[in-house]
Amino acid sequence: MREHIRLIARTSPADWNIAAFSTWSLAKLAAHLVERHVVATISRESLRRILRDGKVSWQATTTWKASTDLDFITKMHQVLALYDIPPTDGRVI
């Protein structure tokens with residue numbers, strides 16, 4: 001049962017046709033396990049221990065927006081080149 005819980009925790013909620021959220025929280029995962037009859041009941045702390053013992057961890061998804069500057073790539077390469085070949089009379093910060 002513990003390995004089955006860890007297996008589910010490693011999946012995405014989208015794999016279970018859940019579109020309301022993109023990553024599991026302990027509370028959401030616990031509710032999902034009960035709903036799927038994997039367990040009758042489970043506390044968040046018990047779930048945390050099972051996942052930690054199985055070395056299952058996750059981090060929140062990070063997002064970013066791409067630049068709309070048409071010259072972004074050119075400017076990016078100019079800035080990155082400063083790290084490779086720093087100016088002799090200044091600093092790269």
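In which helix is I73 found? I73 lies in helix α4, which spans residues 72-84. The views below come from a predicted model, in which local features need pLDDT of at least 70, side-chain atom pairs count only at pLDDT 80 or more, and totals for chains, interfaces and linings use all residues. Residues are numbered from 1 along each chain as its sequence is written, and side-chain values use heavy atoms, with hydrogens and water left out.

View 1. F72, I73, M76, V79, L80 and Y83 make a nonpolar surface patch of about 550 Å². Patches are made of residues with over 30% relative accessible area and no salt bridge, like charges being joined within 9 Å and nonpolar side chains (Val, Leu, Ile, Met, Phe, Trp, Tyr) within 5 Å; accessible areas come from the Shrake-Rupley method with a 1.4 Å probe, and for residues only the protein chains shown count as cover. Helices (H or I, at least four residues) and strands (E, at least two) are DSSP runs, numbered from the N terminus. I73 has 47% relative accessibility and therefore counts as partly exposed, where buried means under 20% relative accessible area, exposed means over 50%, and partly exposed lies in between (1.4 Å probe, protein chains only). T74 is also found in helix α4, and its 48% relative accessibility makes it partly exposed. From C-alpha to C-alpha, T74 and K55 are 42 Å apart in space, while in sequence they are 19 residues apart.

View 2. Side chains of opposite charge can pair when their charged atoms come close. A salt bridge is counted here when a side-chain nitrogen of Lys or Arg is within 4 Å of a carboxyl oxygen of Asp or Glu, and by this rule the count comes to five. One of them joins K75 to D69, with the closest N and O atoms 2.6 Å apart; K75 is partly exposed at 41% relative accessibility, and D69 is partly exposed with a relative accessible area of 30%. Another joins the side chains of R49 and E45 at 3.4 Å, N to O. R49 and E45 are separated by about one helical turn, because they are four residues apart in helix α3 (residues 44-53). R49 is partly exposed at 45%, and E45 is partly exposed at 35%.

**View 3. The network of E3, R6 and R10.** Salt bridges link E3, R6 and R10 in a network. Between R10 and E3, the closest N and O atoms of the salt bridge are 3.6 Å apart. R10 is partly exposed, with a relative accessible area of 48%, and E3 is partly exposed at 47%. R6, placed in helix α1 (residues 2-9), counts as buried at 12% relative accessibility. Leaving aside residues up to four places away in sequence, R6 touches I50, L51, D53, G54 and V56, a contact being heavy atoms within 4.5 Å.

**View 4. The crossing of helices α2 and α3.** The axes of helix α2 (residues 26-35) and α3 come within 9 Å and cross at roughly 95°. That angle makes α2 roughly perpendicular to α3, since angles under 35 degrees count as roughly parallel, over 145 as roughly antiparallel, 65 to 115 as roughly perpendicular and the rest as oblique. The axes are lines fitted to C-alpha atoms, for helices over the stretch in contact, with angles running from 0 to 180 degrees between N-to-C directions. In α2, L26, A27, L29, A30 and L33 meet R44, L47, R48 and L51 of α3.
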